[in-house]
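This report describes the strand arrangement, the helix packing and a surface patch of one protein model. The structure is shown first.

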Amino acid sequence: MKNKFTVENAAMLLIDHQQGTLKLARNLPREEIVQNTRALARTAVESGMPLVLTSSMEDHFQGLLLDDLQEIAPEAYNQRIKRPGVVDCWEYDEYKNAVVATGRKKLIMAGLTNDVCIVYPAISAIEDGFEVQVVVDAGGSPTTLADETALRRMEKHGVTLTSTNQVMAELANSWSEGVGQTIQTIMYQEILAKLVEV
């Protein structure tokens, strides 16, 4: 794969993973969204990738970002971009400037919800010349139909859709050396261990 996303060339953007907004994602089990979000945040922090967090209207029903994010990435949490309600976070200058400041042109994005919070910034970033992968299972929508419609719209605009395990494997490159071993450990602890128990 020539155009691979790596920990050296990509940034991780987690959008609106808020305690209230999580309740709107009904097409996937809540625990699954949280574990995948944790895995992505840990991958960014433990591999040294830029991690940009944003939230919308924290003092309304959306609430604060997940406690997990504060625990895993306290620095990124404290630097989170708090938006006053702009739906497409890419159109909020403070947020877009923070992403541009990472110096990365490849963006891994996930958000709650897929049908509102991620669809617009993913398309906007593509239009501004960035390469974007959206991690579908670290987000969700109120219905399966809403989710699938958003995914089709993003794909039509050139967004690459991926899953948590898939993007982690791409970033790892090799399970047996360097950052790949770190990412494999995260994947096992956050995701695979739960599957093996079943």
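Helices are DSSP runs of H or I with at least four residues, numbered from the N terminus. In this predicted model, helix H5 covers residues 114–127 and contains Val116. Val116 counts as partly exposed because its relative accessibility is 35%. Together with Val87 and Tyr120, Val116 makes a nonpolar surface patch of about 210 Å².

The sheet is open and consists of six strands in the order S3-S2-S1-S4-S5-S6, with parallel pairing. Strands S3 and S6 stand at the edges and have a single partner strand each, so one side of each lacks a neighbour in the sheet. From one strand to the next, the twist averages 25 degrees. Strands S1 and S4 run parallel and are joined by six bridges; within this pairing, Leu13 has Met109 of S4 as its bridge partner. Helix H4 packs on the sheet, where it touches S1, S2, S3 and S4, and its direction makes about 170 degrees with that of S2.

The residue ranges of several elements are listed below.

| Element | Residues |
|---|---|
| Strand S1 | 10–15 |
| Strand S2 | 51–56 |
| Strand S3 | 81–83 |
| Strand S4 | 106–111 |
| Strand S5 | 131–135 |
| Strand S6 | 160–162 |

Helix H7 spans residues 164–172, and its buried residues are Thr164, Val167, Met168, Glu170, Leu171 and Ala172. The cover over these buried residues includes helix H1 (30–47), strands S4, S5 and S6, and helix H8 (179–197). Just after H7, Asn173 adopts a positive phi of about 70 degrees.

Definitions and conventions. Residues are numbered from 1 along each chain as its sequence is written. This is a predicted model: local features need pLDDT of at least 70, side-chain atom pairs count only at pLDDT 80 or more; totals for chains, interfaces and linings use all residues. Side-chain values use heavy atoms; hydrogens and water are left out. Patches are made of residues with over 30% relative accessible area and no salt bridge: like charges are joined within 9 Å, nonpolar side chains (Val, Leu, Ile, Met, Phe, Trp, Tyr) within 5 Å. Accessible areas come from the Shrake-Rupley method with a 1.4 Å probe; for residues, only the protein chains shown count as cover. A salt bridge is a side-chain nitrogen of Lys or Arg within 4 Å of a carboxyl oxygen of Asp or Glu. Helices (H or I, at least four residues) and strands (E, at least two) are DSSP runs, numbered from the N terminus. Buried means under 20% relative accessible area, exposed over 50%, partly exposed in between (1.4 Å probe, protein chains only). Two strands pair if DSSP finds at least two bridges between them. Axes are lines fitted to C-alpha atoms, for helices over the stretch in contact, and angles run from 0 to 180 degrees between N-to-C directions. Contact means heavy atoms within 4.5 Å.
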